[in-house]
Amino acid sequence: MKLHPIFKSRTENFRINTDLAVLKKLLNDENKKFHFKWQSENSFIISLNFSVGSNLIFDTNHPNTKSDIFYYGDLLKMKDSKTEIILKTKRKLFLLFLMIIQTFIDVEFPIFMIALFLFPVAIVVLLNFIKSEEDRLLKLFIEFLNHRLNS
């Protein structure tokens with residue numbers, strides 16, 4: 001298993017058959033099941049309203065978000081009244097940093113061997129949890145767009 005890809009940011013691209021101005025109006029609808037905030041004219045950030053793990057464990061208080069599970073979004077105008085949506089997560093370097101620190105912990109041998117085994121397992125479990133929360137946010141965003149575009 002390569003460690004580099006699991007710590008990289010995640011990017012999702014969508015092409016919508018809607019003009020950029022119309023899509024921006026749709027995104028301004030307040031009836032969302034996720035938190036939405038414009039960053040600039042064509043960029044935004046979406047986050048889960050609440051994520052048990054990130055709200056209770058990390059509590060990083062990123063500006064303009066309600067949880068540590070979020071995507072940065074950009075809207076790109078394309079030809080023929082189409083718009084591309086690019087969603088990107090942040091890197092998970094804090095987990096890599098924790099893994100590096102863990103390898104330098106100086107404790108007694110039996111405890112060190114247990115920690116050396118359990119810590120990577122905990123990181124993998126945490127990464128899977130974060131991925132599932134990112135998937136949930138992505139699903140909420142796509143469902144919202146589909147509902148608004150089809151109504």
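Strand S3 is largely enclosed by the rest of the structure, because five of its five residues are buried. Buried means under 20% relative accessible area, exposed means over 50%, and partly exposed lies in between, with a 1.4 Å probe and protein chains only. This is a predicted model, in which local features need pLDDT of at least 70 and side-chain atom pairs count only at pLDDT 80 or more, while totals for chains, interfaces and linings use all residues. Residues are numbered from 1 along each chain as its sequence is written, and side-chain values use heavy atoms, with hydrogens and water left out.

**Overall make-up**

- The protein chain has five helices and five strands. Helices (H or I, at least four residues) and strands (E, at least two) are DSSP runs, numbered from the N terminus.
- From the N terminus on, the order of elements is α-β-α-β-β-α-β-β-α-α.
- Of the 151 residues in the protein chain, 34% are buried.
- Take the contacts (heavy atoms within 4.5 Å) with a separation of 6 or more: 66% of them in the protein chain come from residues 24 or more positions apart.
- The protein chain has an accessible surface of about 9,700 Å², and carbon and sulfur atoms hold 60% of it. The areas come from the Shrake-Rupley method with a 1.4 Å probe; for residues, only the protein chains shown count as cover.

**The sheet**

- Five strands make an open, antiparallel sheet, ordered S1-S5-S4-S3-S2. Two strands pair if DSSP finds at least two bridges between them.
- Strands S1 (11-16) and S2 (35-38) are the edges; each has a single partner strand, so one side of each lacks a neighbour in the sheet.
- From one strand to the next, the twist averages 20 degrees.
- S4 (residues 70-78) and S5 (residues 82-88) pair antiparallel over seven bridges. Asp74 has Ile86 in S5 as a bridge partner.
- Helix H2 (residues 20-27) lies across S2, S3 (43-47), S4 and S5, at about 150 degrees to S4. Axes are lines fitted to C-alpha atoms, for helices over the stretch in contact, and angles run from 0 to 180 degrees between N-to-C directions.

- Lys37 stands opposite Ile45 of S3.
- S3 and S4 run antiparallel and are joined by five bridges. Ser43 has Asp74 in S4 as a bridge partner.

**The nonpolar core**

- A nonpolar core is a set of buried Ala, Val, Leu, Ile, Met, Phe, Trp, Tyr and Cys residues joined through side-chain atoms within 4.5 Å.
- The largest one has 22 residues, and those with the most contacts inside it include Phe44, Ile46, Ile85 and Phe141.
- S1, H2, S3, S4, S5 and helix H5 (109-150) each give two or more residues to this core. H5 gives the largest share, seven residues.
- Beyond four places in sequence, Ile85 touches residues including Phe14, Leu23, Phe44, Leu75 and Phe141.

**Asp29**

- Asp29 sits in the loop between H2 and S2. Asp29 counts as buried because its relative accessibility is 17%.
- Leaving aside neighbours within four places in sequence, Asp29 contacts Phe144 and Arg148.
- The side chains of Asp29 and Arg148 make a polar contact at 3.0 Å. Such a contact is a pair of N or O atoms within 3.5 Å; within protein, one must be able to donate a hydrogen and the other to accept it, and residues adjacent in sequence count only if both atoms are side-chain atoms.
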